[in-house]
Amino acid sequence: MNGDEEKMTVIVQTIAALLFPITLIFSFYVIMHGHLTPGGGFQGGAIGASAIVLLIVAYGVRNIEKRMKEENLSIFESLGGLIFVVVSIFGIFLATAFLANFLVGKAIFGQIPAWGEAPLNSGGVLPILNIAVGMKVIGGLSAVVMLLALITKEGER
Amino acid sequence: MNWMQHLPAFIIAIPLFAAFLTPLIDRINKKARNAFVLIAMAITFILTIILFKEVLEKDIITYVMGAADPTQAIPKQAAVPIRIVLEIDGINAFMALISALISLIGLIFSFAHIEERGGRFYTLFLLMVVGMLGMELTGDLFNLFVFLEIASIASAALIAYEFRRGSTTEAALKYIIISSLSALFVLFAIGLLYGEYDLLNMAAIADAIRTTGLSNIDKIALILFFSAFALKAGSAPMHMWLPDAYGEAPGAISMVLIGVTQASLYALLRICFTIYVDSMHVIFPAIIIILGLISIFIGVTMALIQEDVKRLIAYAAVAEVGYILLAIGVGLYGILNNEVETYARKALQGGLFHIFNDILDIGLLFLVASGIIYITRERNLNKLGGLAHSMKYTSILFLVGLAAVAGLPPMNGFASKIIIYESVYKVSPILSIVAILGSVVMLAIFVKIFHSVFTGPKITEYREVPKLMLASMLILAGLIIFFGLFPDVIINNVVNPAVNALIENTDYISKVMGW
Amino acid sequence: MIYNLPFITVVLLIAIGMYAIIFKRNLIKIAIGITIVESGVNLFLITLGYREGGVAPIFTNLPPNISPEQIPEKMVLPVPQALTLTSIVIGVAVLALILAFVINIYKNYGTLDANKIRRLKE
């Protein structure tokens with residue numbers, strides 16, 4: 001079985017391929033601006049996962065699974081969780097407490113304006129935590145959908 | 001830097017960190033993964049011991065996440081606690097100690113038989129530990145809900161671990177539906193309290209209820225909390241998920257699940273004894289006592305007719321929960337009637353000591369049963385027999401667990417049950433009669449199992465259970481005998497601080513509110 | 001009356017969800033029931049966060065007619081929103097787990113009828 005019968009029509013495939021990068025960019029936008037605008041790690045991650053789900057729907061789960069192994073997605077997810085915990089523990093070592101914002105006043109992400117407009121590199125550790133959550137949600141949600149699709153397909157064989 | 005003040009954060013952070021690192025190490029080397037998980041769990045256990053000693057010295061420890069001064073619960077600009085506060089007094093530290101100990105023993109047992117998909121198993125295991133410990137350390141209601149859900153999701157996935165047997169998934173589905181629904185009730189109750197007081201911190205809410213008196217909304221929230229946590233703690237008549245979940249869970253997970261239910265029991269204690277105790281109606285402890293009696297009755301009678309060995313032990317676990325609830329209800333009743341010294345303190349001593357003993361006794365029986373199932377691939381009592389010929393050590397360990405659960409001296413079950421009988425007698429003799437009768441029936445049940453599983457002619461030649469399994473059972477049996485021989489040591493050093501924390505509940509509130 | 005409308009909706013949603021969980025036999029419908037109860041609870045939490053005349057706590061997107069001195073009083077505390085978001089995240093995980101279990105049950109038992117799935121009942 002080469003998995004061709006799982007694919008949808010060429011129109012759907014082309015549109016999905018076109019939309020995939022745009023959706024991912026939007027997802028990164030929502031994740032990166034999580035500390036400034038509505039949104040954040042989970043919301044952006046859910047958008048990113050929906051990009052992968054779009055590919056799964058259009059190209060069939062087995063074809064996508066060959067390119068994008070479920071294990072790799074899980075590893076990606078674990079990395080996100082790991083970054084979150086490590087950054088939180090750094091709060092103890094570099095500042096005062098667990099989850100403390102140790103980047104305030106420091107070089108790259110350190111600027112925190114009082115009110116109003118803020119640049120992207122503000123918020124201390126919040127953007128890093130948002131990215132970590134985003135990684136976790138992209139990896140986790142798309143792995144969940146992929147696995148659910150795979151075990152459903154297994155029954156048909 | 002003062003390392004001791006960061007202990008509570010590390011106890012939650014280390015298993016969480018290990019849980020996310022385990023899948024990565026699993027890809028490289030399986031042996032390294034096992035060693036890593038064991039080290040992480042051992043460090044967590046040692047930290048809970050240190051935490052317990054710290055609590056003995058300092059009485060109450062607070063830790064504020066992400067604050068400039070992690071010991072200051074209320075920040076300078078605010079009047080109420082606004083950050084996530086971990087607050088540890090005697091009872092929290094006691095429960096965390098039990099959970100970490102039991103998880104460590106369960107982990108050692110799991111190394112013996114978990115081979116395929118081990119990376120996922122240990123990740124879920126550590127996440128379950130995070131949920132348990134988080135529930136037991138947090139001082140924030142919403143945090144409690146989050147950790148409750150983490151523990152439920154991880155344990156549901158672990159129950160369904162042997163997913164090729166369909167019945168495991170059936171049990172796990174029942175478990176996750178029941179626990180997510182009860183967690184939603186908890187969340188709704190949290191919403192009610194938040195809408196009324198704009199607070200999420202347990203100590204602050206307790207303070208607010210003290211000053212404004214019990215409103216109708218508080219009563220609704222109390223009933224929602226109580227029913228949800230009693231359901232999660234496995235008290236009859238809401239126990240229907242428990243035998244399935246315990247019975248179908250793989251190996252040591254049945255034992256660690258007792259820790260998860262006891263975390264819910266802890267939440268019940270916190271709600272009753274800290275938040276609501278001053279304005280509680282006396283009908284409430286009566287309800288807890290009745291639930292305890294029903295649990296004892298249903299637990300032992302249903303255990304009589306079981307054929308699956310793990311399900312039978314699970315029903316015995318329901319009965320043990322009944323003993324704990326009975327003692328706690330009597331303790332609460334005594335506190336409300338201002339009879340702390342006559343019987344309430346003693347009842348709470350017995351109840352909390354029995355929390356520890358319950359997990360050791362039932363845990364040992366579960367481990368023995370899991371070992372037998374692992375070797376013989378047979379769960380039905382009627383088809384097992386004559387195992388004492390080939391499994392000498394296992395049968396002796398089973399005898400220890402049997403005597404402990406039935407409350408025979410010199411085991412730990414006797415030590416705590418005798419305190420419970422004595423103290424509940426002062427409220428009503430009927431309570432102790434039911435409790436003693438429950439123990440007698442329990443003894444009959446387990447003698448019956450011992451007879452049908454271990455004695456009799458040899459049917460098939462089996463090997464002894466693996467060494468790691470034996471080691472974990474031996475640790476439990478050693479603790480059981482030690483607790484039974486020297487109950488005073490444990491009661492004075494471990495149980496009494498927890499009892500004091502339950503009785504003198506104002507300390508918990510004043511530490512956060514900064515009186 | 002109009003301010004009570006969200007709370008009436010909350011009660012209705014929870015009632016509908018409980019009805020589905022208790023009286024429906026199809027496992028998928030039970031899962032849907034849990035989701036409905038969850039959305040009821042989420043709606044309840046988010047309703048608690050409403051303050052008359054308040055503005056959303058987004059620093060970069062303030063309404064133009066508001067002066068910076070007014071902001072601390074006008075901005076609502078984002079705790080209920082944070083609670084709702086966390087609850088939604090947890091709900092996703094629970095739903096995924098329930099669906100995975102339902103699929104596995106269907107493969108093992110060949111049915112989704114809750115009354116026929118009782119290997120554990122003696």
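## Helices 5 and 10 of chain B

In this predicted model, helix 5 of chain B covers residues 141–159 and helix 10 of chain B covers residues 253–275. The two pack at an angle of about 160 degrees, and their axes are 11 Å apart. Angles over 145 degrees count as roughly antiparallel, so that is the label for helix 5 and helix 10 of chain B. The crossing of helix 5 past helix 10 in chain B is left-handed.

Which residues do the meeting here? From helix 5 of chain B come B:Leu144, B:Ala151, B:Ser155, B:Leu158 and B:Ile159. Across from them, helix 10 of chain B brings B:Ile253, B:Leu257, B:Val260, B:Ala263 and B:Ala267. Sort this contact between helix 5 and helix 10 of chain B by class and you get nine nonpolar residues, one polar and no charged ones.

## Helices 3 and 4 of chain B

Now look at helix 3 (residues 90–111) and helix 4 (residues 118–137) of chain B, whose axes are 9 Å apart. Their packing angle is about 170 degrees, so helix 3 and helix 4 of chain B are roughly antiparallel to each other too.

On the helix 3 side of chain B, the residues involved include B:Asn92, B:Met95, B:Ser99 and B:Leu107. They belong to a contact with helix 4 of chain B, where the partners include B:Phe125, B:Val129, B:Met132 and B:Glu136. By class, the contact of helix 3 with helix 4 of chain B holds nine nonpolar, four polar and one charged residue.

## A pair of strands in chain B

Chain B has strands as well. Strand 1 of chain B pairs with strand 2 (residues 85–88) of chain B in the antiparallel sense, over four bridges.

Are the residues of strand 1 in chain B buried or exposed? B:Ile61 and B:Tyr63 point one way, B:Thr62 and B:Val64 point the other way, and all are buried. Strand 2 of chain B is covered on both faces: B:Val85 and B:Glu87 are buried on one side, B:Leu86 and B:Ile88 on the other.

## A loop residue: B:Asp198

Where does B:Asp198 sit? Look in the loop between helix 6 (166–197) and helix 7 (202–212) of chain B. B:Asp198 has 14 C-beta neighbours inside 10 Å, so it counts as partly exposed. Along the chain B:Asp198 and B:Ile82 are 116 residues apart, yet their C-alpha atoms are separated by 10.0 Å.

## A helix residue: A:Ile92

Over in chain A, A:Ile92 is part of helix 4 (residues 70–94). Why is A:Ile92 called buried? Because A:Ile92 has 21 other C-beta atoms within 10 Å, and the cut-off for buried is 20 or more.

Leaving out residues up to four places away in sequence, A:Ile92 touches A:Ala97 and A:Phe98, plus B:His6 and B:Ala9 from chain B. A:Ile92 and A:Phe102 are 10 residues apart in sequence, with 8.7 Å between their C-alpha atoms.

## Where chain C touches chain B

How many residues of chain C are in contact with chain B? There are 26, and they touch 26 residues of chain B. On the chain C side, the elements giving two or more residues are helix 2 (27–48) and helix 4 (79–109). Helix 4 of chain C gives the most, with 14 residues. By class, the side of chain C that touches chain B has 20 nonpolar, four polar and two charged residues.

Notes:
Residues are numbered from 1 along each chain as its sequence is written. Chains are lettered from A and ligands numbered from 1 in the order in which they are written. This is a predicted model: local features need pLDDT of at least 70, side-chain atom pairs count only at pLDDT 80 or more; totals for chains, interfaces and linings use all residues. A residue is buried if 20 or more other C-beta atoms lie within 10 Å of its own, exposed if 12 or fewer, and partly exposed in between; C-beta atoms are placed from the backbone. Two strands pair if DSSP finds at least two bridges between them. Axes are lines fitted to C-alpha atoms, for helices over the stretch in contact, and angles run from 0 to 180 degrees between N-to-C directions. Angles under 35 degrees count as roughly parallel, over 145 as roughly antiparallel, 65 to 115 as roughly perpendicular and the rest as oblique. A crossing is left-handed if the near helix is turned anticlockwise from the far one by less than a right angle, and right-handed if clockwise. Two residues are in contact if their C-beta atoms, placed from the backbone, lie within 7 Å. Ala, Val, Leu, Ile, Met, Phe, Trp, Tyr, Cys and Pro count as nonpolar, Asp, Glu, Lys and Arg as charged, and the others, Gly among them, as polar.
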